[in-house]
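Please read it beside the coordinates.

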Amino acid sequence: MQKEDKYASVKEEITTIYHENRGRYGYRRITAELRKRNFLLNHKTVQRLMKELGLVCRVRMKKYRSYKGEVGKIAPNLLNRDFRAEKPNQKWVT
């Protein structure tokens, strides 16, 4: 004798929410979305149902961006590579 699935309507709603968001939502976000749609369920139940349905959240990899633009001020070139000095402490460079 087969038992009737009491979570059938919830499972349909979970799959629609999952596919609306292209598989980016995990059980926490789906639980919050279900509560907005008046399905009051525990997050553990949503997690278990998602596991039964085989729905896994796929997180996009964030690209590494090292560009910071112009950082700091560029000092003007006053010496023009003329490092000769007639006495000490006359020209200082870094």
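1. Met-50 and its surroundings. Setting aside neighbours within four places in sequence, Met-50 is in contact (heavy atoms within 4.5 Å) with Ile-14, Tyr-18, Tyr-25, Gly-26, Tyr-27, Ile-30 and Leu-55. Met-50 belongs to helix H3, where helices are DSSP runs of H or I with at least four residues, numbered from the N terminus. Met-50 is buried, at a relative accessible area of 4%; buried means under 20%, exposed over 50%, and partly exposed in between, with a 1.4 Å probe and protein chains only. The C-alpha atoms of Met-50 and Trp-92 are separated by 68 Å, the two residues being 42 residues apart along the chain.

2. Basis of the model. This is a predicted model, in which local features need pLDDT of at least 70 and side-chain atom pairs count only at pLDDT 80 or more, while totals for chains, interfaces and linings use all residues. Residues are numbered from 1 along each chain as its sequence is written, and side-chain values use heavy atoms, with hydrogens and water left out.

3. The nonpolar core. The largest nonpolar core has 13 residues, and those with the most contacts inside it are Val-10, Ile-14, Ile-30, Leu-34, Leu-41, Val-46 and Met-50. Such a core is a set of buried Ala, Val, Leu, Ile, Met, Phe, Trp, Tyr and Cys residues joined through side-chain atoms within 4.5 Å. H1, H2 and helix H3 (43-53) are the elements that give two or more residues to this core, and H1 gives the most, with four residues. Val-46 touches Ile-14, Tyr-27, Ile-30, Thr-31, Leu-34 and Leu-41, not counting residues up to four places away in sequence.

4. H1 against H2. Helix H1 (residues 8-20) and helix H2 (residues 27-36) pack at an angle of about 115°, their axes lying 10 Å apart. Axes are lines fitted to C-alpha atoms, for helices over the stretch in contact, and angles run from 0 to 180 degrees between N-to-C directions. From H1, Val-10, Glu-13, Ile-14, Ile-17 and Tyr-18 meet Ile-30, Glu-33 and Leu-34 of H2. By class, this contact of H1 with H2 has six nonpolar, no polar and two charged residues.

5. H2 against H3. For H2 and H3 the angle is about 115° and the axes are 9 Å apart. Tyr-27, Ile-30, Thr-31 and Leu-34 of H2 make the contact with His-43, Val-46, Gln-47 and Met-50 of H3. By class, the contact of H2 with H3 has five nonpolar, three polar and no charged residues.

6. The two sides of H2. Which residues of H2 are buried? They are Tyr-27, Ile-30, Thr-31, Glu-33 and Leu-34. These residues lie on the same side of H2 because they cover an arc of only 165° around the axis, the arc being that of the directions from the helix axis to the C-beta atoms. The buried residues of H2 pack against H1 and H3, whereas the face turned away from the buried side carries the exposed residues Arg-28 and Lys-36.

7. Positive phi values. Just after H2, Asn-38 takes a positive phi of about 65°. Asn-80 has a positive phi of about 50° although it is not a glycine, and Asn-80 is exposed, with a relative accessible area of 56%. Asn-89, likewise not a glycine, has a positive phi of about 60°; Asn-89 is exposed at a relative accessible area of 62%.

Methods:
Ala, Val, Leu, Ile, Met, Phe, Trp, Tyr, Cys and Pro count as nonpolar, Asp, Glu, Lys and Arg as charged, and the others, Gly among them, as polar.
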